[in-house]
Amino acid sequence: MTYLEPEIETAPADRIASEQTRRLLEVVRLAHERSALYQGRWDPAGVKPDDVQSPADFRRLVPFIDKDAVRAFRDRTGDAFGGLLCVDPADLTTITASSGTTGDPTFFNEMWAGLACAPLPAGYLRALWMMGVRPGDRVLCNAATFRGWIEDAFRAMGLVPLLVDTWMGKWAEVLRVIEQHRPTYVQLMSTNLVELEHLAPHHDLRKLFDSFKAVSFAGEPLGARMRERLSTEWGLDVFVYTSAGDTGLAWECTEHDGYHLWWDEVFLEVVDPATGEPVAEGEVGEMVVTSLDNDAAPLIRYRTGDLVRHSTAVCPCGRTSPRVWVLGRGGDETVVAGRSVLPHEIWTAVESVDETQTGLFQIIRPTREVERLRLRVGYDASRPVDLPELAARLASSVADAARLPAELVDIELETEEALLRRGSAAKVPRVAKS
Ligand SMILES: [Zn+2]
């Protein structure tokens with residue numbers, strides 16, 4: 001009942017090791033044969049697929065790549081696929097874009113065909129099953145603004161997709177659809193939560209939402225206070241997911257303790273950002289991923305910039321895929337008067353204040369090292385606010401969380417709507433230059 005594909009989800013370690021090794025070797029051979037990006041990087045380094053016979057060889061011989069390498073290849077050659085493509089472009093079924101938070105959307109080139117044989121749908125279906133969604137259920141689709149619609153995958157599982165626009169600004173209508181069709185699943189993002197907060201006084205959200213078996217939350221981490229509210233006030237069972245470093249998705253399980261990276265979709269490494277050497281389980285390092293399920297445009301030893309801890313221990317949920325705990329993006333660390341501050345530390349402080357409980361904020365920093373912590377914070381303008389008093393309360397809360405003197409914290413307040421307009425699409429960049 002718990003697992004959609006029990007033989008994969010609970011596979012023993014020896015099977016995981018042997019199948020990952022087989023796929024790693026295949027992907028390396030394929031990329032060397034067909035991908036201009038990898039040829040251009042591996043040939044000068046003397047990397048030959050015949051020399052890669054084990055994960056140890058793979059780690060020792062194959063160079064890292066990152067998003068900038070793909071963009072640089074694209075800009076240099078005009079190849080829209082960044083040199084990654086290993087198939088005839090006509091054989092692709094799907095090109096979708098990321099939200100572009102890092103300034104330039106990433107494109108995902110994939111071949112989707114049916115159930116569980118493409119990175120994005122496969123990542124969803126096991127999770128939907130885990131959340132209790134079953135054939136015949138009506139489900140709301142994600143907005144197609146980026147990463148496309150995935151209703152084909154929903155249909156492949158026997159679900160009935162409700163194709164209405166769930167993007168921000170549309171939730172008054174979405175609530176009517178929920179009332180009439182009683183869907184069992186929807187995905188939420190922070191922008192939806194801001195809108196729902198404003199709709200909440202006029203609707204009985206708890207009653208409307210009682211058809212949901214579960215909801216997912218994506219795009220950003222979910223603050224502890226917001227998760228608690230979603231559960232206690234709106235009665236929602238929330239599962240957060242995140243990107244498996246652009247290779248697919250990584251979901252929370254029923255334990256809500258870390259994100260699983262499916263072992264048959266992605267080969268995980270966690271390395272010291274400075275040396276590239278592996279770090280021990282439980283230590284902080286940069287997540288490096290290799291796609292095992294994308295022969296169209298595989299990412300190989302792709303440095304994600306995400307700082308994580310990881311564990312390969314069997315999860316209490318029974319799944320044997322490794323888990324990661326995301327601590328932030330390496331580039332998002334700000335050093336204030338010599339002290340390192342990460343966005344998640346500020347998050348807790350901002351969402352603990354009633355008027356800013358949606359956790360919308362930006363760290364404004366022209367450079368990584370600054371003398372004062374300058375924050376732009378979005379407040380709920382639908383009720384009366386004493387702005388100077390609110391700014392002082394926020395500064396004190398942030399100073400506590402970041403272990404800084406309150407006089408080094410500057411707060412600039414904007415309405416939530418104004419702050420959202422600074423975002424790319426689904427989220428507000430947590431770090432802004434100005
Ligand atoms: Zn688990």
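Analyst: Helices (H or I, at least four residues) and strands (E, at least two) are DSSP runs, numbered from the N terminus. The model is a predicted one, in which local features need pLDDT of at least 70 and side-chain atom pairs count only at pLDDT 80 or more, while totals for chains, interfaces and linings use all residues. Residues are numbered from 1 along each chain as its sequence is written, and side-chain values use heavy atoms, with hydrogens and water left out.

We may begin with α2 and helix α3 (residues 36-45), whose axes come within 6 Å of one another and cross at roughly 95°. Such axes are lines fitted to C-alpha atoms, for helices over the stretch in contact, with angles from 0 to 180 degrees between N-to-C directions. The two helices, α2 and α3, are therefore roughly perpendicular to each other (under 35 degrees is roughly parallel, over 145 roughly antiparallel, 65 to 115 roughly perpendicular, and the rest oblique). On the α2 side, the contact (heavy atoms within 4.5 Å) is made by V28, A31, H32, E33 and R34. The partners from α3 are A36, Y38, Q39, W42 and D43. By class, this contact of α2 with α3 comprises five nonpolar, two polar and three charged residues (Ala, Val, Leu, Ile, Met, Phe, Trp, Tyr, Cys and Pro count as nonpolar, Asp, Glu, Lys and Arg as charged, and the others, Gly among them, as polar).

Helix α2 (13-34) also takes part in an open space: together with α4 (55-61) and β11 (266-271), α2 gives two or more residues to the lining of the second largest pocket. This pocket has a volume of about 630 Å³. Points are joined across faces, edges and corners, and a volume is the space filled by probe spheres set on them. The second largest pocket has 30 lining residues, and Q20, R59, F267, L268 and T312 lie nearest its centre. Strand β11 supplies the largest share of this lining, six residues. In total, the lining holds 17 nonpolar, seven polar and six charged residues.

The largest cavity, of about 290 Å³, is lined by 22 residues, with V70, L84, T106, F107 and N109 nearest its centre. Both α5 (67-77) and β3 (107-110) give two or more residues to that lining. Its classes are eleven nonpolar, six polar and five charged.

The second largest cavity contains about 70 Å³ of space. Its lining consists of S190, L193, F217, P221, L222, G223, M226, W347, E351 and T358, and the elements giving two or more of these residues are α9 and α12 (343-351). Six of the lining residues are nonpolar, three polar and one charged. At least three come from each of domain 2 (117-242) and domain 3 (333-432), with domain bounds taken from an automatic or database assignment. Between these two domains, 16 residues of domain 2 are in contact with 18 residues of domain 3, and their C-alpha centres are separated by 28 Å.

Finally, helix α9 (residues 190-199) also meets helix α8 (residues 171-181): their axes come within 10 Å and cross at roughly 75°. That angle makes α8 roughly perpendicular to α9. W171, A172 and L175 of α8 touch N192, E195, L196 and L199 of α9, a contact with five nonpolar, one polar and one charged residues.

Definitions and conventions. 1 Å grid on protein atoms, 1.4 Å probe; cavity = no way out; pocket = protein on both sides within 12 Å on 5 of 7 lines; lining within 4 Å.
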